[in-house]
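Have the chain open and follow along.

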Amino acid sequence: TTSNLGRYEDALVYYGNALRLKPDYSEALLSKGNVFSILKRYDEALAQYDKALSLKPDYAEAWSNKGVTLHELKHYDEAITHYDKALSLKPDYHEAWSNKSVPLNKLKRFIESSEASDKAISLKPDYAESWYNKGNTLRELMHFDEAITHYDKALSLKPDYCDAWYNKGVRWGEGSAKCMA
């Protein structure tokens, strides 16, 4: 809960305490990695995910979250490989499908990106990020009306989705949003 409150340094201490008591606590390793990733301490995040995976190789969430961190480092192909591993373990993992669409889009693999977003939407239609990601792919393909429709759906699910509001208004050729919380 301290992580939910934005008290990330406190959360790291608490996860560390849990891991001192139970060093093989893969969920604590995953959560600690997530906090490091939020703090942009990517090497430390990757190390936590690797520890979790060494203990629990079938931990789909750790594979996927490691993919998120690799994406942040612009290692797009490697991120996709990690999402694929997560999806091989948990084919109905909507977040991994949604996240996979992002580096595919960055690599201009628009058909695959669109398919990944569609799969995520089919698995969890109320997940705003999947609608947003599909909108970004449609925007890249210059299907602006469809992109706006997808941003609108994302906003209907998450009215405070800053990036969706921004990308809905952005002109072609401008960068995508990265709103700060």
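H3 passes H4 in a left-handed crossing, meaning the near helix is turned anticlockwise from the far one by less than a right angle. This is a predicted model, where local features need pLDDT of at least 70, side-chain atom pairs count only at pLDDT 80 or more, and totals for chains, interfaces and linings use all residues. Residues are numbered from 1 along each chain as its sequence is written, and side-chain values use heavy atoms, with hydrogens and water left out.

The axes of H3 (residues 42–55) and H4 (residues 60–72) come within 10 Å and cross at roughly 160°. That makes H3 roughly antiparallel to H4 (an angle over 145 degrees). Axes here are lines fitted to C-alpha atoms over the stretch in contact, with angles from 0 to 180 degrees between N-to-C directions; helices are DSSP runs of H or I, at least four residues, numbered from the N terminus.

Now look at Ser37, which sits in H2 (residues 26–38). Leaving aside neighbours within four places in sequence, Ser37 is in contact with Tyr42, Ala45, Tyr49 and Thr69. Its side chain makes a polar contact with that of Thr69 at 3.1 Å (a pair of N or O atoms within 3.5 Å, one able to donate a hydrogen and the other to accept it; residues adjacent in sequence count only if both atoms are side-chain atoms). Ser37 counts as buried because its relative accessibility is 13%, the cut-off being under 20% with a 1.4 Å probe and protein chains only.

Note on methods. Helix = DSSP H or I, 4+ residues; strand = E, 2+ residues; numbered from the N terminus. Parallel < 35°, antiparallel > 145°, perpendicular 65-115°, else oblique. Buried < 20%, exposed > 50% of the residue type's maximum accessible area, 1.4 Å probe, protein only. Contact = heavy atoms within 4.5 Å.
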